[in-house]
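Subject: Structure handover

Hello,

Here is the structure we spoke about. My notes on it follow below.

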Amino acid sequence: MAGESTFVYLPYLMGGVVTTLQITALAMLLALPVSFLLALGRMSSFAPARWGAGFVIELFRGTSAVVQLFWAFYVLPFFGVELSPLAAGVLVLGLNEGSYFSEVVRASLKSIVAGQREAAVALHLPRFYTFRRIVLPQALPIMVPPFGNAAVLMLKFTALTSLVTIQELSFRAGLLRSNLGVSSDIYGVVLAIYFALAVGMASLVWLAERAVNRWAGREVIPWRELTSRRASPAPKWAFRR
Amino acid sequence: MGIVDRSEPMKATASQGRPIVRMRGVRKAFGPRVILEGLDLDVGAGEKVALIGPSGSGKTTILRLLIGLTEPDAGTIEIDGQYLWHSSRGGTLERADEAHARQVRRCVGMVFQQFNLFPHMTALQNVHEPMEQVLRLKRPEAKERARALLARVGLGEHVDKRPSQLSGGQQQRVAIARSLGLQPKLMLFDEVTSALDPELVGEVLGVLRELAHETDMTMLIVTHEIRFAADIADRVLVFDAGRVVEDGSPEIVLKDPSHPRTRQFLRAILER
């Protein structure tokens, strides 16, 4: 019966969608370099770097994100650090994700078989070149699917930032509900919006996966072959010893 | 340019016949397993040496020591007159750092049993990129030389293929071209045909044979292909349990071995 008012307030909800997407994008953008830094730190031959990275990872993984948000927004000002709600939200979510994702990065980098590194040593290749041109192109395609996972999780994780007064999607939905009292409609719409966003994001990740594979020089299966019903040829290794 | 600087002392040492490899009292253990103990080994510049012996006898470890993939627990390794892990200051040896070792082992190349090509690069990229990085060549020149090398190992038509599109024998030939691109004075071949299907072994051995006959590069070849070893090597070393039990020309070592272990090993391998 209040269905009409839900659609009237759709533009208001869309404002929340923009904020949600903004925080998701910024937090993931922060998480990416953080995860690489932490992963490389943990793999470093320099012990203090390993300890430091390990401490940061355990700190963010081991404490509640809600409490971290409160700290960033309500406690840091006592130490003279004033963050805007957006900055606090992005910082906490980004560092959180960066800590979790650093383990994915580390595992992917370690998954490159020893023979590749040995070849690089035997060819006297500079260390940075080895990382950039040999390790990374082989490790990156492995990281993309879990990164997509993390991005979709982040999308829903952003609801947490409503605790520091950010008017993202779920915050605005809550306001509408308490003012208009139309829970079922509004949360139905919000559910649909989150779902649409997540699906859109998954498609983006799929495209990113193909782009990364192409950049890394991996074979990308053409779309037509992927959708055809023709049985694909047996993998080559099936005939090898 | 870097290559010109390096080539000067090379000629001098080669003409003096100074050993390009000199190992003294080398020990290497992995945990409680002692692989090499008190190993002394000299290899003269230009020599083609076949290393044979049962698996686990330390042959591969010697190659890995020479290219710096592992460090010896004790003893010294000299490559082309320079200590690999030490620097001599006023007659006393001091432990040298990684950078020193990198510079000394620059003239060594290695080809692996499992090829270890970079799977995301074409055959050409596998060869020309290391040349750019290490020899500091400009890309067009590196590519041109890489093409010539690939043609020389019979892969002129396959330069733009990825390793996954090549047979094992072709991959191994790319790996050989990749190492040759860096103009090593000492090449190490670690069972380079052991991972190949039997019908592909010949094409790789053919490349090795050609290298042995047509270059004055020093070659250390770990192999189980006894007849091949007898054919191209100037010298055969038989290893057993981390020691050289036989050292001499292929005629003497393979036809008339003095050590009972060698006889046993040769019989086992020839009766395959």
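Buried, in these notes, means under 20% relative accessible area, and a salt bridge needs a side-chain nitrogen of Lys or Arg within 4 Å of a carboxyl oxygen of Asp or Glu. Please keep in mind that this is a predicted model.

B:Arg178 sits in helix α6 of chain B, residues 168–180. What does its side chain reach at 2.9 Å? The backbone oxygen of B:Asn116. Beyond four places in sequence, B:Arg178 touches residues of both chains, including A:Ala119 and A:Leu123 from chain A and B:Phe115, B:Val127 and B:Pro130 from chain B.

Salt bridges

Over all chains, 17 salt bridges are counted. One of them joins the side chains of B:Lys28 and B:Asp73, at 3.8 Å from N to O. B:Lys28 belongs to strand β1 and B:Asp73 to the loop between α2 and β4, so the pair ties together parts that are 45 residues apart in sequence. B:Lys28 is buried, with a relative accessible area of 9%, while B:Asp73 is partly exposed at 44%.

B:Glu47 and B:Arg235 form another salt bridge, at 3.1 Å. Here a loop between β2 and β3 is tied to strand β11, 188 residues apart in sequence. B:Arg235 counts as buried because its relative accessible area is 12%.

A further salt bridge, at 2.7 Å, connects B:Glu203 with B:Arg173. This pair links helix α7 to helix α6 in chain B, across 30 residues. B:Glu203 is partly exposed at 28%; B:Arg173 is buried at 11%. In chain A, salt bridges with shared partners join A:Arg42, A:Glu103 and A:Arg106 into one network.

Other buried residues

B:Leu208 is in helix α7, residues 198–214 of chain B, and has 0% relative accessibility, so it counts as buried. Its contacts beyond four places in sequence are B:Ile176, B:Phe189, B:Val192, B:Met219 and B:Phe228. The C-alpha atoms of B:Leu208 and B:Phe189 are 9.2 Å apart.

B:Thr61, in helix α2 of chain B, is buried at 10%. Outside its sequence neighbours within four places, B:Thr61 contacts B:Lys28, B:Phe30, B:Ile35 and B:Leu36.

Surface

A:Val67, A:Trp71, A:Phe78, A:Phe79 and A:Val81 make a nonpolar surface patch of about 580 Å². A:Val67 lies in helix α4 of chain A and is partly exposed, at 45%.

Regards

How values were computed:
Residues are numbered from 1 along each chain as its sequence is written. Chains are lettered from A and ligands numbered from 1 in the order in which they are written. This is a predicted model: local features need pLDDT of at least 70, side-chain atom pairs count only at pLDDT 80 or more; totals for chains, interfaces and linings use all residues. Side-chain values use heavy atoms; hydrogens and water are left out. Patches are made of residues with over 30% relative accessible area and no salt bridge: like charges are joined within 9 Å, nonpolar side chains (Val, Leu, Ile, Met, Phe, Trp, Tyr) within 5 Å. Accessible areas come from the Shrake-Rupley method with a 1.4 Å probe; for residues, only the protein chains shown count as cover. Helices (H or I, at least four residues) and strands (E, at least two) are DSSP runs, numbered from the N terminus. Buried means under 20% relative accessible area, exposed over 50%, partly exposed in between (1.4 Å probe, protein chains only). A polar contact is a pair of N or O atoms within 3.5 Å; within protein, one must be able to donate a hydrogen and the other to accept it, and residues adjacent in sequence count only if both atoms are side-chain atoms. Contact means heavy atoms within 4.5 Å.
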